[in-house]
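Please read this briefing alongside the structure.

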Amino acid sequence: QVQLVESGGGLVQPGGSLRLSCAVSGRTFSSSGMGWFRQAPGKEREFVAAIVWSDGLTVYADSVKGRFTISRDYAKNTLYLQINNLKPEDTAVYYCAGGAVGRRPSWYDYWGQGTQVTVSS
């Protein structure tokens, strides 16, 4: 059984930082990749970043470039998202997804349950 389990979300003040983790069990995505998406209340799920598992090639949404960094630990089979200089508009549930590298949620076969990130003073 394939499982993706996110952690690391929480309440943070504007300008703060968080590191989200996504632990993968049951398979690896070494022949494809993984991504992060987010969904704010009343909005569609939005692409954040993706990474090619084998070589670490990354792609980001324009709205997060320079503040978000996606990475993976090959040995731990874990995906990360480092988020710096958080803004209130970053508030959302963040999901990790596996099985593709791209901007469309429908391209991904596996999803985690999500972790809440709330940015507020």
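A salt bridge is a side-chain nitrogen of Lys or Arg within 4 Å of a carboxyl oxygen of Asp or Glu. The structure holds four of them. This is a predicted model, in which local features need pLDDT of at least 70 and side-chain atom pairs count only at pLDDT 80 or more, while totals for chains, interfaces and linings use all residues. Residues are numbered from 1 along each chain as its sequence is written, and side-chain values use heavy atoms, with hydrogens and water left out.

**Salt bridges**
- Arg-38 pairs with Glu-46 at 2.8 Å, N to O.
- Arg-38 also pairs with Asp-90 at 2.9 Å, N to O.
- This second pair links distant parts of the chain, 52 residues apart: Arg-38 sits in strand β4 (residues 33-39), and Asp-90 in the loop between β8 (78-83) and β9 (92-98).
- Asp-62 and Lys-65 form another bridge, at 3.2 Å, N to O.
- Through shared partners, salt bridges join Arg-38, Glu-46, Arg-67 and Asp-90 into one network.

**Burial**
- Buried means under 20% relative accessible area, exposed over 50%, and partly exposed in between (1.4 Å probe, protein chains only).
- Arg-38 is buried, with a relative accessible area of 7%, and Asp-90 is buried too.
- Glu-46 is partly exposed at 33%.
- Asp-62 and Lys-65 are both exposed.
- Of the 121 residues of the protein, 44% count as buried.

**Overall build**
- The protein has zero helices and 11 strands, where helices (H or I, at least four residues) and strands (E, at least two) are DSSP runs, numbered from the N terminus.
- The C-alpha trace spans about 40 × 25 × 25 Å along its principal axes.
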